[in-house]
Amino acid sequence: MTFTKAARLVLLLAIPGLVLVGCGRKGDLDRPGSTAPINTKAPAGTVEQQEKPDERPFLLDPLL
């Protein structure tokens with residue numbers, strides 16, 4: 001196997017891995033086996049007010 005073929009194979013395998021690393025759920029951390037998010041900022045039994053993000057237009061918004 002030449003260096004060029006090996007480099008192409010590594011690149012071909014690395015791209016999907018890098019794409020999958022970027023996938024995920026944005027939000028608070030969850031405890032293993034639990035559906036309730038961990039909230040360390042507010043005392044127990046209180047509801048924390050969340051800030052709304054700025055409504056800035058994004059380059060790809062018209063495509064969505």
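A residue is called buried when its relative accessible area is under 20%, exposed when that value is over 50%, and partly exposed in between. By this criterion, buried residues account for 2% of the 64 residues in the protein chain of this predicted model. The chain exposes about 7000 Å², of which carbon and sulfur atoms supply 63%.

The secondary structure consists of one helix and zero strands. The helix, H1, covers residues 3-21. From its first C-alpha to its last, H1 reaches 26 Å, close to the 27 Å expected at 1.5 Å a residue. H1 is hardly covered, and its count of buried residues is zero.

| Property of H1 | Value |
|---|---|
| Length of H1 | 19 residues |
| Span of H1, first to last C-alpha | 26 Å |

A nonpolar patch lies on the surface, formed by Met1, Leu9, Leu12 and Leu13. Together these residues have about 500 Å² of accessible area. One of them, Leu9, is found in helix H1. Leu9 has a relative accessible area of 39% and is therefore partly exposed.

Notes: Residues are numbered from 1 along each chain as its sequence is written. This is a predicted model: local features need pLDDT of at least 70, side-chain atom pairs count only at pLDDT 80 or more; totals for chains, interfaces and linings use all residues. Side-chain values use heavy atoms; hydrogens and water are left out. Patches are made of residues with over 30% relative accessible area and no salt bridge: like charges are joined within 9 Å, nonpolar side chains (Val, Leu, Ile, Met, Phe, Trp, Tyr) within 5 Å. Accessible areas come from the Shrake-Rupley method with a 1.4 Å probe; for residues, only the protein chains shown count as cover. A salt bridge is a side-chain nitrogen of Lys or Arg within 4 Å of a carboxyl oxygen of Asp or Glu. Helices (H or I, at least four residues) and strands (E, at least two) are DSSP runs, numbered from the N terminus. Buried means under 20% relative accessible area, exposed over 50%, partly exposed in between (1.4 Å probe, protein chains only). The expected span of a helix is 1.5 Å times one less than its number of residues.
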